[in-house]
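Reader: I am new to this structure and would like to learn how to read its features one at a time. Could you take me through them slowly?

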Amino acid sequence: MVNLHFGYVTNIDSNGRVRVIIPDLDDFTTDYMPVLRSKAKHDKDGNTLDINEEVALLLNQNGDCGVILGAVSSDSTALPYTDRDKKYYEFKDGTKFEYDRKEHKYSANIKGDVSVKAKNIDFDAQNINLGTGGRQIARIGDSVQVDLATGKGTITSGGKATSI
């Protein structure tokens, strides 16, 4: 027989397996157990649990075999909203990713640098807006004029000229 329990992560090994203390079983601490994942063979995903994170687990009667089902939300760990049209990730450093399927909009607020490595990158958009302070970029079809002596010039796109 297998029972559902709730507990708190106490240790994590190098394979991502965790030990859990279960208050309802007189603070019984499990051996290392696997964590349920959505993919684990050819394609992999991974969201390592945190120490002291509350989890749900299935455990046999002897307490020597089980699986961690995942983290449990509570009032103190709930998402900032419960909009069913949004997929949301938030990290400890404040970095956030959100996809709104109703609005067809992906948003990212990254607190550090971004690195992308790819064989090819293609952008196909009606508009590409770049924040100020960076270097101007010319696109295919834009007109570029540069004074070779000063290195200064303009990029003209859609009838609008921008100094570079």
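Author: Let us begin with a single side chain, bearing in mind that the model is predicted: K86 has a relative accessibility of 28% and therefore counts as partly exposed, since that value falls between the limits of 20% and 50%.

Reader: Which side chain does K86 meet in a salt bridge?

Author: The partner of K86 is E98, and the N to O distance between the two side chains is 3.8 Å. K86 belongs to strand β6 and E98 to strand β7, so this contact ties together parts that are twelve residues apart in sequence. E98 itself is buried, because its relative accessible area of 19% is under the 20% limit.

Reader: How many salt bridges are there by this rule?

Author: The count comes to three. In one of them R101 and D85 meet with an N to O distance of 3.1 Å. R101 lies in the loop between β7 (96-100) and β8 (105-109), whereas D85 lies in the loop between β5 (66-71) and β6 (86-90), so this pair joins parts that are 16 residues apart in sequence. D85 is partly exposed, at 24% relative accessibility. Another salt bridge links R17 with D13, whose closest N and O atoms are 2.7 Å apart; here R17 is partly exposed at 35% relative accessibility, while D13 is buried at 17%.

Reader: How should I read a pair of aromatic rings, and how many such pairs does a search of the whole structure find?

Author: In general, a pair of aromatic rings is described by the distance of the centres and the angle of the planes. In this structure the search finds two pairs. The ring centres of F91 and F97 are 6.1 Å apart and their planes stand at 85 degrees, so this pair is edge-to-face. Both residues are partly exposed, F91 with a relative accessibility of 42% and F97 with 22%. Ring pairs also bring in Y106, which forms a cluster with F91 and F97.

Reader: Where does the charged end of R19 sit?

Author: The charged end of R19 sits over the ring of Y32, at 5.6 Å from the centre of that ring.

Reader: In what order do the five strands of the open sheet run?

Author: The order is β3-β2-β1-β4-β5, with antiparallel pairing. At the edges are β3 (28-29) and β5, each of which pairs on one side only.

Reader: Which strands form a hairpin with six residues between them?

Author: The hairpin is made by β9 and β10, and in its turn G151 has a positive phi of about 75 degrees. Strand β9 covers residues 143-146 and strand β10 covers residues 153-157, and the two pair in the antiparallel sense over four bridges. To locate one of these contacts, look for V146, whose bridge partner in β10 is G153.

Reader: Why should I take care over some parts of the model when reading such details?

Author: Where pLDDT is low, the predicted coordinates should not be read in detail. Here the chain averages a pLDDT of 85, and 89% of the residues score at least 70.

Key:
Residues numbered from 1 in each chain as written. Predicted model: local features only at pLDDT ≥ 70, side-chain atom pairs only at ≥ 80, totals over all residues. Heavy atoms only, no water. pLDDT = per-residue confidence, 0-100. Phe/Tyr/Trp six-rings, centres within 6.5 Å; stacked < 30°, edge-to-face > 60°. Buried < 20%, exposed > 50% of the residue type's maximum accessible area, 1.4 Å probe, protein only. Lys NZ or Arg CZ within 6 Å of the ring centre and 35° of its normal. Pairing = 2+ DSSP bridges. Salt bridge = Lys/Arg side-chain N within 4 Å of Asp/Glu carboxyl O.
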